[in-house]
Number of protein chains: 2
Amino acid sequence: MKTKGKQSVEFPNPPYLLGEASVVGKMEGEGPLGKYFHEVCPDPFVGKKTWEEAESALIEKACNLVLSNSGVKRADVNYIVGGDLLAQLMATSFGVENLQIPFFGIYGACSTMGESLTLSAMMVEGEYAQGVLAVTSSHFAGAEKQFRFPLPYGNQRPAAATWTVTGSGAVIVGNEELMARQKQPAAGAKVVIRGITVGRITDYGIKDSMNMGAAMAPAAASTIAANFQDFGVGAEDYDLIVTGDLGVVGTQILHDIMEAKGLPIRKKHLDCGVEIYDTSRQDVHAGGSGCGCSAVTLTGYLLRRMREGSYRRILFVPTGAMLSPVSFHEELTIPGIAYGIVLERR
Amino acid sequence: MKTKGKQSVEFPNPPYLLGEASVVGKMEGEGPLGKYFHEVCPDPFVGKKTWEEAESALIEKACNLVLSNSGVKRADVNYIVGGDLLAQLMATSFGVENLQIPFFGIYGACSTMGESLTLSAMMVEGEYAQGVLAVTSSHFAGAEKQFRFPLPYGNQRPAAATWTVTGSGAVIVGNEELMARQKQPAAGAKVVIRGITVGRITDYGIKDSMNMGAAMAPAAASTIAANFQDFGVGAEDYDLIVTGDLGVVGTQILHDIMEAKGLPIRKKHLDCGVEIYDTSRQDVHAGGSGCGCSAVTLTGYLLRRMREGSYRRILFVPTGAMLSPVSFHEELTIPGIAYGIVLERR
């Protein structure tokens with residue numbers, strides 16, 4: 001068995017990240033990480049007629065870009081594993097349709113990049129695939145329409161609210177054989193998925209859809225603590241512990257929970273939702289969120305820094321809030337989930 | 001590599017189905033397969049206040065039942081892999097929450113049982129888990145509210161429309177070690193997952209949400225043909241080829257497509273949507289549909305018949321239509337997908 005502790009797996013033959021792509025909207029391009037992204041789309045409709053089709057277009061761009069960036073042939077990708085925030089994965093279904101690669105649709109809310117990397121790594125290491133394309137996305141306008149208010153309503157947003165990132169991130173996870181055949185290996189060091197920690201649904205009873213950070217922080221804490229326990233490590237063993245989209249409110253809660261557990265992570269912690277926008281300059285309140293948030297921060301910024309040599313080992317923990325418009329109107333809680341991915345430079 | 005052809009995997013150490021459970025509503029209990037189901041819930045609300053909570057209750061019942069039926073301990077189940085039709089997997093998130101088992105949320109529309117069995121088999125055979133619980137569900141009233149009209153509206157349904165099955169099916173996929181420890185092995189023969197074929201998104205341009213069979217039949221045909229090609233087999237090598245929920249309209253289309261491909265399956269084919277209701281007696285138009293349809297037909301009826309010795313090898317092909325209320329209103333097509341699972345008696 002390759003399991004490690006109660007919730008984790010350590011891969012004997014860690015699969016490689018053969019390439020990555022990040023495609024973002026205008027606001028993300030103007031943020032602090034703007035220069036790192038592979039492509040910025042200034043048109044929020046990405047040339048389409050609806051927000052949902054625009055999101056599908058971002059996904060299609062990211063998938064095509066990761067194939068051309070990495071020099072991996074479409075025929076060498078066994079599966080796509082992906083999903084988005086929209087009901088019935090509408091953006092992804094239409095976004096990946098043209099590629100005609102066998103498809104697994106997944107839903108982990110904003111933790112989707114973590115879930116897809118986990119499954120992709122298992123498929124490659126288990127020899128069920130030589131290459132898997134992991135992709136996810138979100139779109140500010142599509143998400144507001146789905147979960148809150150249509151934009152023309154012009155509602156006010158409380159300070160704890162986050163801003164859904166418009167963007168799509170894609171990664172190709174592959175084995176050594178495919179890496180050897182790849183025409184354009186990523187510049188710099190190789191990066192592998194050393195292990196994973198699968199989250200449990202964590203529900204602290206939060207019902208405020210304008211404070212998703214609070215709903216997700218306990219899930220992040222649970223998964224990070226499980227990772228430490230299962231691998232017998234602590235914050236000191238990672239160069240960075242990266243959560244998905246807690247924003248400034250959720251980040252504070254995560255730090256508090258981890259300190260109460262006797263596992264402080266504050267000095268090693270970075271939240272993609274905090275990094276992707278400049279909250280002093282951009283009107284995003286508590287920061288960024290959405291499946292795209294951690295996906296483009298990973299594919300645009302973090303992997304570049306890892307390949308350049310800045311970080312050796314990162315615990316990447318995308319965080320998801322299982323909110324639906326129906327559960328919100330029925331006054332149910334917002335369960336959270338988080339997946340932990342141990343990324344290592346080789 | 002354990003891949004077989006372009007879209008399939010053949011497992012060198014086929015994982016076992018250690019137990020199964022089916023929980024259905026009143027109409028399913030009154031149908032031709034009624035006597036096979038493990039539990040019938042006469043109350044459509046399952047003691048809850050909303051349709052969505054009722055569906056979560058069905059899931060929770062099916063999960064608890066498969067654990068007690070099989071005598072597998074909760075602590076020996078590494079992951080739950082599951083999903084449902086509702087936006088953001090609302091039914092599943094709340095349905096599995098209390099079990100506190102690490103969770104992968106998936107969305108394959110009505111093909112979900114196929115997707116979850118595929119992933120569960122990979123996790124077990126890849127040694128990432130000793131046991132995985134695969135679960136899915138649907139609820140007639142919740143689905144009508146989500147996709148079509150609320151029930152009190154009393155709209156008329158065309159003849160091609162299917163009736164969403166109220167029910168949840170759960171399976172525990174496990175390795176030999178867990179089987180040896182299991183306190184209550186299923187009666188009769190052992191059943192394994194010999195291989196899988198992963199579907200591509202197949203889109204013939206169907207836009208009629210009242211004719212889901214037509215949207216899914218091409219996906220079923222594509223996956224069955226890929227299975228035949230990848231494994232070098234034909235309809236004659238299976239005792240049954242079982243599609244999920246094409247209904248009478250979709251079934252006819254599937255037969256026609258397969259005959260046009262020169263791969264007739266009519267004599268070996270059974271559709272869960274056709275079997276689960278008596279269309280001459282029950283007012284369901286073209287038959288049953290929904291994630292629950294193939295899930296309860298598998299867990300209640302098919303596995304029992306396999307374990308009793310009636311069938312040796314079944315190709316189980318749950319079929320999904322990636323319809324969303326938003327894509328419907330935006331007049332987009334309904335892409336289909338299907339997963340093929342080769343079940344063998346040992």
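1. In this predicted model, two salt bridges are found across the interface of chain A and chain B. B:Lys145 pairs with A:Glu330 in a salt bridge whose closest N and O atoms are 3.1 Å apart. Polar contacts across the interface of chain A and chain B come to 32 residue pairs, with both residues at pLDDT 80 or more.

2. A:Met1, A:Gln88 and A:Tyr128 supply 16% of what chain A buries against chain B, more than any other three residues.

3. Over all chains, the count of aromatic pairs is 16. One of them is edge-to-face: A:Phe11 with B:Tyr128, at 5.7 Å centre to centre and 75° between the planes. A:Phe11 sits in the loop between β2 (8–10) and β3 (16–25) of chain A, and B:Tyr128 in the loop between α4 (112–125) and β7 (131–138) of chain B, so the pair joins two chains. A:Phe11 and B:Tyr128 are both buried.

4. A:Tyr339 and B:Phe104 count as stacked because their planes are at 25°, with ring centres 5.7 Å apart. This pair also crosses between chains, from the loop between β16 (336–338) and β17 (340–345) of chain A to strand β6 (residues 103–105) of chain B. Both A:Tyr339 and B:Phe104 are buried.

5. Ring pairs also link A:Tyr79, A:Phe104 and B:Tyr339 into a cluster.

Note on methods. Residues numbered from 1 in each chain as written. Chains lettered and ligands numbered in written order. Predicted model: local features only at pLDDT ≥ 70, side-chain atom pairs only at ≥ 80, totals over all residues. Heavy atoms only, no water. Buried area = accessible area lost by both parts, 1.4 Å probe. Salt bridge = Lys/Arg side-chain N within 4 Å of Asp/Glu carboxyl O. Polar contact = N/O pair within 3.5 Å; in protein donor to acceptor, adjacent residues only side chain to side chain. Phe/Tyr/Trp six-rings, centres within 6.5 Å; stacked < 30°, edge-to-face > 60°. Helix = DSSP H or I, 4+ residues; strand = E, 2+ residues; numbered from the N terminus. Buried < 20%, exposed > 50% of the residue type's maximum accessible area, 1.4 Å probe, protein only.
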